[in-house]
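Here are my notes on the model you sent over.

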Amino acid sequence: MPQYLALTYTADVDWWAPEQADELAEYRRFGVDHAESVQASAVLHPTGTATVVRVEGARGGKVVTTDGPYAETKEALTGYYLLEAADLDEAVRIAAEIPAAWGGAVEVRPVIIAK
């Protein structure tokens with residue numbers, strides 16, 4: 001069955017903070033309701049914990065790292081779901097039930113499975 005990556009873009013918050021408990025419960029409910037389709041999922045730490053990696057001059061060049069987010073933005077990549085769905089239409093129907101779609105955005109992309 002085809003796979004789709006549903007990237008969640010929401011406010012850049014600490015999802016384990018007490019004030020996020022109600023919204024986090026909605027994500028858990030989504031996971032239970034769609035357990036058959038969700039093959040993997042993860043919540044990302046806030047973008048302030050990110051490290052950006054660049055290689056100057058291509059492979060073998062100097063590795064340069066920068067702490068913190070790549071860009072300032074209202075919505076950040078905060079997690080993902082790997083979905084199995086019959087087609088893009090079904091993946092979109094499932095993604096519309098991810099809480100991130102209600103106040104942020106969910107980007108759905110087909111996964112290329114190497115043969």
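1. Let's begin with the strand pairing. Strand 1 (residues 3-10) and strand 5 (residues 76-84) run antiparallel and are joined by eight bridges. If you want one to click on, L5 in strand 1 has L82 as its bridge partner in strand 5. Strands here are DSSP runs of E with at least two residues, helices are runs of H or I with at least four, and both are numbered from the N terminus. Two strands count as paired if DSSP finds at least two bridges between them.

2. A word on what you're looking at: this is a predicted model, where local features need pLDDT of at least 70 and side-chain atom pairs count only at pLDDT 80 or more, while totals for chains, interfaces and linings use all residues. Residues are numbered from 1 along each chain as its sequence is written, and side-chain values use heavy atoms, with hydrogens and water left out.

3. Contact means heavy atoms within 4.5 Å.

4. How many aromatic pairs does a search of the whole structure find? It finds two. Rings of Phe, Tyr and Trp (its six-membered ring) pair if their centres lie within 6.5 Å; planes under 30 degrees apart are stacked, over 60 edge-to-face, and the rest tilted. W15 and Y27 are edge-to-face, at 5.5 Å centre to centre with 70 degrees between the planes. W15 sits in the loop between strand 1 and helix 1 (21-33) and Y27 in helix 1, so the pair ties together parts twelve residues apart in sequence. W15 counts as buried at 6% relative accessibility, and so does Y27 at 11%. (Buried is under 20% relative accessible area, exposed over 50%, partly exposed in between, with a 1.4 Å probe and protein chains only.)

5. The other pair is F30 with Y81: the ring centres are 5.0 Å apart and the planes at 75 degrees, so this one is edge-to-face. F30 is in helix 1 and Y81 in strand 5, 51 residues apart. Both are buried.

6. Have a look at the start of the chain too. P2 is in the segment before strand 1 and counts as partly exposed at 36% relative accessibility. Leaving aside neighbours within four places in sequence, P2 is in contact with L83, E84, A85 and A86. The C-alpha atoms of P2 and I112 are separated by 8.8 Å, although these residues are 110 apart along the chain. Q3 lies in strand 1 and is buried, with a relative accessible area of 18%. With the neighbours within four places again left aside, the contacts of Q3 include Q39, L82 and R109.
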